[in-house]
Amino acid sequence: MDVQLLFRIAGVGIIVAVMATVLKQAGKDEQGQMVTLVGVLVVLMMVVTLLGKFFNLVKATFGMY
Amino acid sequence: MTLKLIGAALTVLATAWIGFQVAARYGRRPAELRGFQNGLSVLVTEVEYGATPMPDALRSAARAAGPVAGAILADAARRLAEGAGITPGEAVSAALEERRGSTCLTPADEEILAALFPVLGASDRQDQVRHLRLAIDRLAAAEAEAADERRRYERMYRYVGVLSGLALVLILI
C-alpha cells in the first residue's frame with residue numbers, strides 16, 4: 001500500500017473538478033458532467049483493485065476459503 | 001524517473017498544443033469574416049461607382065480584405081484573368097474550394113458567400129450591389145456570432161487542453 005496512489009486520486013479529483021467548472025462556465029454543462037463521470041470511473045478503477053486486495057486480506061485473516 | 005518526467009512533459013505539451021490550436025481557430029474566424037466584409041465593401045464601390053472590370057475589382061477587393069480573405073479573392077482574380085469563359089462567381093467558388101481546409105469558416109459562412117456566386121459579374125449593377133450589401137449584412141451577423149463564440153470557448157479550450165494533459169499524466173504515471 002503506497003501513499004502515491006492516494007495522491008494520484010486526489011490529483012485526478014482536483015483536475016476533474018477544475019475542468020468541470022471551466023466547462024460549466026463556458027455553457028457546456030453536458031460535457032462537464034461527462035468529465036465528472038469519467039473522473040469518477042477512473043478513480044473507481046483505481047480503488048477497485050485496492051478493495052480487491054482488502055477483501056483478499058480479510059479472507060486470509062479469518063481463514064474463509 | 002527522468003524518462004517518465006520527459007514523457008509527462010511531452011504529453012502535457014501535446015494536449016496543451018491541441019487545445020491552443022482549437023482555441024486559435026475561434027480567434028481567427030471573426031477576423032476572416034471581417035476581412036470578407038471589407039473586401040465585399042470595396043467590391044460594392046467598384047461595381048456601383050467604378051464599373052471596373054471584374055478581375056481588377058477583385059484584385060482591389062483582395063488588397064482591402066486582410067490575409068485570408070485577401071488570398072482567396074486574389075486567387076479568384078487570377079483565375080478569372082487567365083481562365084477562359086468562367087464567371088466571377090465560379091472563380092471565387094473555385095478559390096474558396098481550394099482553400100477549404102485552411103480557413104476557419106463554417107459551412108454557414110460559406111453559404112453566405114455562395115449566395116453571391118450566381119450574381120457576381122453576371123447581372124445588372126443594382127442587382128449585384130443589392131446582393132453584395134445583403135451578403136455584407138449577413139457576414140456582419142455571422143461575425144457577431146463568431147465573436148460571441150470566441151468569447152465563450154477560446155479560453156475554455158486552452159484550459160481543457162492543459163488540464164486533460166495533466167489528468168492523462170496523473171492516470172498513466
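In chain B, 37% of the 173 residues are buried, a label given when 20 or more other C-beta atoms, placed from the backbone, lie within 10 Å of a residue's own. The model is a predicted one, in which local features need pLDDT of at least 70 and side-chain atom pairs count only at pLDDT 80 or more, while totals for chains, interfaces and linings use all residues. Residues are numbered from 1 along each chain as its sequence is written, and chains are lettered from A and ligands numbered from 1 in the order in which they are written.

Chain B holds six helices and zero strands; helices are DSSP runs of H or I with at least four residues, strands are runs of E with at least two, and both are numbered from the N terminus. Read from that end, the order is α-α-α-α-α-α. The radius of gyration, taken over C-alpha atoms, is 21 Å for chain B, well over the 16 Å that the globule rule (2.2 Å times the number of residues to the power 0.38) gives for 173 residues, so the chain is more spread out than a compact globule. Its C-alpha trace spans about 70 × 30 × 20 Å along the principal axes.

A helix pair comes next. Helix α1 (residues 2–50) and helix α3 (residues 67–82) of chain B pack at about 50°, their axes 7 Å apart; axes are lines fitted to C-alpha atoms over the stretch in contact, and angles run from 0 to 180 degrees between N-to-C directions. α1(B) and α3(B) are therefore oblique to each other, the class left once angles under 35 degrees (roughly parallel), over 145 (roughly antiparallel) and 65 to 115 (roughly perpendicular) are set aside. Glu32(B), Gly35(B), Phe36(B) and Gly39(B) of α1(B) meet Val68(B), Ala69(B), Gly70(B) and Leu73(B) of α3(B), contact being C-beta atoms, placed from the backbone, within 7 Å.

Conventions: Contact = placed C-beta atoms within 7 Å. Buried ≥ 20, exposed ≤ 12 C-beta atoms within 10 Å, placed from the backbone.
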